[in-house]
Amino acid sequence: MMQHYPVKVLQIGEGNFLRGFFDWMISECNKQGHFQGSIVVTQPRPTGKGKIEKLKQQDGLYTLMIRGFKNGEKVDNKEIISVFSKAIDPYEEWDEFLALSQNPTLEFVVSNTTEAGLKYQPIPWEEGVPIESFPGRLTAFLYQRYLFFNGETEKGLIMLPCELLERNGDMLKQCVLQHSRDWELPKSFMDWVDQNNLFLNSLVDRIVTGFPAKEAEELFASWEYEDSLLNTAEPYHLWAIEGDPSFDQRLPLKQSGLNVHWVKDLVPYQMRKVRILNGSHTLMAPLGILSGLEEVKQVIDHPDFNRFLRQAIKEEIIPSLPFDRNEMIKYGESVMERFMNPFVHHRLADISLNSVSKFKVRLLPTLEDYFEKKDRLPVCVVRAFAGLIRFYKVQKVKGNYVGESFGGKEYVVKDDVKTIEFFKEQWLRYEAEEISLKQLVETLLGNQHLWGKDLNKFSALVDELCYHLEVMLR
């Protein structure tokens, strides 16, 4: 049955992530009697029509399985989530979507439209015609609300974007104001948006693995029902929201025991996630693939790699961060526990996508900060850097850039074509004996387009990279 609670949330995003993260949280709050609100869900783009239809067919219900480890204990829970009071396809039910703006109990708009969905693009607004972009659609929605309630200050909404972009709330607000200017909406509306609506920056973290295709039939047989919207997630979850802690009275996530933090500044949360969690992924992916491994779990189960990763986190990444060491070690341990989850099949090939730009954002700052503090280079990060350079030793085969692992296994490198071609060219020159290995490394490090600076300035980096590469080439 669709939930009978009053509608408090408009959710833009019908996908696995929000259903395994935010909707599960609201379910927890409702179970404890803290929120007593329901969600109207809509899809951000026309391709989501199928899931909206299925939600309607299943009365808004779906099964969520949470599996993995938490504080060393194995977790394997299954529950039916019932938080939706309505599912609306805004492309076919545009008037119904806009009519929701008149709901007096509505308080929040939560979105996950992917990074590509949260950006400004100039578009016209015609009466009765659905707006395809999420920020454009939100602008029209807010304008209808403003008109209906005559600009009442109390009727502003709180936007909580979950897209993985820095300052996502600020970005969304700028888009809404830009559309308002494009469409020549009244200044009084723009003032209402600016002063009476909140666009909160937030950072989300949970691995939601979606429909478990390999084991679904077996599960359905044991449950004696089928669920085409079955979803799976890890136990770990974090939501850091830049907003006043008093908001927890209205959206009681923290008081319901969830790992949600209302904070003054998101930067520490973003920085530790990028440097420790994402940095570990980028440390392991090229080296893991070169060693013939395919998934994160295999890396963790490999004693040498496990040791290497723990050493990198504890002795190099954490000391380079300006935060409390004990807190960071605790976070680092939670990251390793998440990597051990036997139910998450996280492919190294997926993590290795755009590895050069990922290295620049996730590991280069560790190398720089560590060097500045200790006046020496971080051994594990340098080894990973060498692994990255060796990983991009590729040839073009049938339109793909193909490399060869230490054991002769082929893999495909996916990145910006210019970037791959630059590496490929240097490796070809090295193989043709036009340049030495040292010259190859110096040329790569000197490419400011790749790194934003000339990395030859770090004394000994060239020599250390050459040492590791010589071992790898043997």
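**Close-up views of a predicted model**

UniProt, in an unreviewed entry, places the feature "domain: Mannitol dehydrogenase N-terminal" at residues 8-254; UniProt positions follow the numbering used here, feature names are shortened, and annotations may be inferred rather than shown by experiment. This is a predicted model, in which local features need pLDDT of at least 70 and side-chain atom pairs count only at pLDDT 80 or more, while totals for chains, interfaces and linings use all residues. Residues are numbered from 1 along each chain as its sequence is written, and side-chain values use heavy atoms, with hydrogens and water left out.

**View 1. Strands S2 and S5.** Strand S2 (residues 38-42) runs parallel to S5, joined by four bridges (strands pair if DSSP finds at least two bridges between them). Val-41 has Ala-87 in S5 as its bridge partner. S5 (residues 84-88) is largely enclosed by the rest of the structure, because four of its five residues are buried (under 20% relative accessible area; exposed is over 50%, partly exposed in between; 1.4 Å probe, protein chains only). Helices (H or I, at least four residues) and strands (E, at least two) are DSSP runs, numbered from the N terminus.

**View 2. The salt bridge of Glu-242 and Arg-167.** Their side chains meet at 3.0 Å, N to O (a salt bridge is a side-chain nitrogen of Lys or Arg within 4 Å of a carboxyl oxygen of Asp or Glu). Glu-242 lies in strand S11 and Arg-167 in the loop between strand S7 and helix H7, 75 residues apart. Glu-242 is buried at 15%; Arg-167 is partly exposed at 33%.

**View 3. The salt bridge of Lys-393 and Glu-431.** The closest N and O atoms are 2.7 Å apart.
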